[in-house]
Amino acid sequence: MKGVLMYLKVFSFPPACILNKMSIDRVVSTDVKMAEDIQAKLEKYRTAPFDARFPNQNQTRNCWSNYLDYHRCQKALDAKGVDTAPCDWYKRVYKSLCPISWIQKWDDQREEGTFPGKI
Amino acid sequence: MAHPSQLGFQDAASPVMEELLHFHDHALMIVFLISTLVLYIIVAMVSTKLTNKYILDSQEIEVIWTILPAFILILIALPSLRILYLMDEINDPHLTIKAMGHQWYWSYEYTDYEDLGFDSYMLPTQDLAPGQFRLLEADHRMVIPVESPIRVLVSAEDVLHSWAVPSLGVKMDAVPGRLNQTAFIASRPGVFYGQCSEICGANHSFMPIVVEAVPLQYFEKWSSLMLED
């Protein structure tokens with residue numbers, strides 16, 4: 001019992017909606033701080049942490065969500081001409097969670113233009 | 001692993017399986033006690049020469065044999081719910097491994113850092129070395145670091161399969177298009193065997209799962225070696 005409880009910790013990360021709320025009017029120092037936070041988190045990255053949005057057995061949506069968030073983040077930050085390093089968090093998470101065959105299939109679909117998600 | 005004439009569970013290799021084992025012992029003991037009591041009463045009733053024609057009811061005994069079973073049920077339910085909630089605890093895994101079921105082999109993907117993936121086929125009986133287990137050995141084992149919380153995401157590429165390792169207390173269905181999460185901690189180093197647990201065609205009985213728990217340094221060495229291949 002103690003052995004199981006020793007390993008229990010909750011780890012959280014700001015959800016994607018926070019990135020979507022970023023606008024050009026935002027104060028630059030907050031952007032820089034967020035980028036530094038994300039860098040620090042990426043350096044300590046071990047595996048995809050517990051995500052309270054997907055607490056149960058079915059993690060399909062978790063993988064899908066992070067894949068979409070990475071590509072939307074890339075597209076959004078590229079459009080603004082800003083460094084896309086913060087998007088790497090989503091990349092690490094979807095790489096941890098999604099089967100390689102699913103990622104390959106989705107990448108091929110995006111290239112063909114038949115990807116079913118909205119990016 | 002399983003052995004001939006085995007009666008109980010395999011030796012537990014994870015804290016959850018230990019709890020399940022102890023709970024099973026507890027529930028089974030209660031079941032044996034009740035069964036023995038009932039059997040004794042049946043034999044006593046059948047073999048007595050005494051007959052009783054005059055007792056019509058008795059409030060006292062009715063109360064006893066209502067309260068006592070309710071109490072026994074609570075005695076079973078409390079540890080059971082404790083384990084149920086224990087298994088659902090939020091855990092912070094150190095490693096994520098994907099186990100993909102195919103017809104008729106498993107493939108394991110370790111993609112937290114680099115893209116490491118490999119297939120795990122059963123060793124045919126004629127290729128076994130002396131001392132290896134028939135229908136249980138695989139050519140590539142799923143190696144994990146001991147005493148680390150591991151998250152396994154189980155899915156399938158074709159039909160339904162199920163990823164099960166009894167000594168770790170893990171069984172999770174592999175459904176195509178779905179990612180099922182399970183987690184465990186290997187409390188001791190060792191090799192743990194399991195078999196596909198959902199009918200999946202001709203070779204359903206011949207796609208075993210082998211998990212090898214090793215100290216972290218050996219895990220790191222193994223994963224570097226596997227990446228080079």
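# Reading the two-chain model

Q: In which loop does Leu135(B) lie?
A: Leu135(B) belongs to the loop that runs between strand S3 (116-120) and strand S4 (142-145) of chain B. Strands here are DSSP runs of E with at least two residues, helices are runs of H or I with at least four, and both are numbered from the N terminus. This is a predicted model, where local features need pLDDT of at least 70, side-chain atom pairs need 80 or more, and totals for chains, interfaces and linings use all residues. Residues count from 1 along each chain as written, chains are lettered from A and ligands numbered from 1 in written order, and side-chain values use heavy atoms, without hydrogens or water.

Q: What makes the phi of Leu135(B) worth a look?
A: Leu135(B) has a positive phi, about 65°, and is not a glycine. Glu147(B), also not a glycine, has a positive phi near 55°, and its place is the loop between S4 and strand S5 (149-156) of chain B.

Q: What makes the peptide bond from Gln103(B) to Trp104(B) cis?
A: Its omega is near 5°. Trp104(B) sits in the loop between strand S1 (95-102) and strand S2 (105-110) of chain B.

Q: Why is the pair Arg46(A) and Asp92(B) called a salt bridge?
A: The term asks for a side-chain nitrogen of Lys or Arg within 4 Å of a carboxyl oxygen of Asp or Glu, and this N to O distance is 3.8 Å, so the pair qualifies. Between chain A and chain B the count is two salt bridges, and the whole structure holds nine.

Q: What makes Lys33(A) and Asp37(A) a salt bridge too?
A: Their closest N and O atoms are 3.4 Å apart, so this pair also meets the rule. The two residues are four apart in helix H3 (residues 28-43) of chain A, which means that about one helical turn separates them.

Q: What does the contact between chain A and chain B involve?
A: With contact taken as heavy atoms within 4.5 Å, chain A gives 30 residues and chain B gives 33. The buried area (accessible area, 1.4 Å probe, lost on joining two parts and summed over both) is about 2900 Å², with 55% of it on carbon and sulfur atoms.

Q: What makes Ile34(B), Leu37(B) and Val38(B) part of a nonpolar patch?
A: A patch takes residues with over 30% relative accessible area and no salt bridge, joining nonpolar side chains (Val, Leu, Ile, Met, Phe, Trp, Tyr) within 5 Å and like charges within 9 Å. Ile34(B), Leu37(B), Val38(B), Tyr40(B), Ile41(B), Ile42(B), Met45(B) and Val46(B) form one on the surface, together exposing about 820 Å² (Shrake-Rupley, 1.4 Å probe, only the protein chains shown counting as cover for residues). Leu37(B) is in helix H1 (residues 15-47) of chain B.
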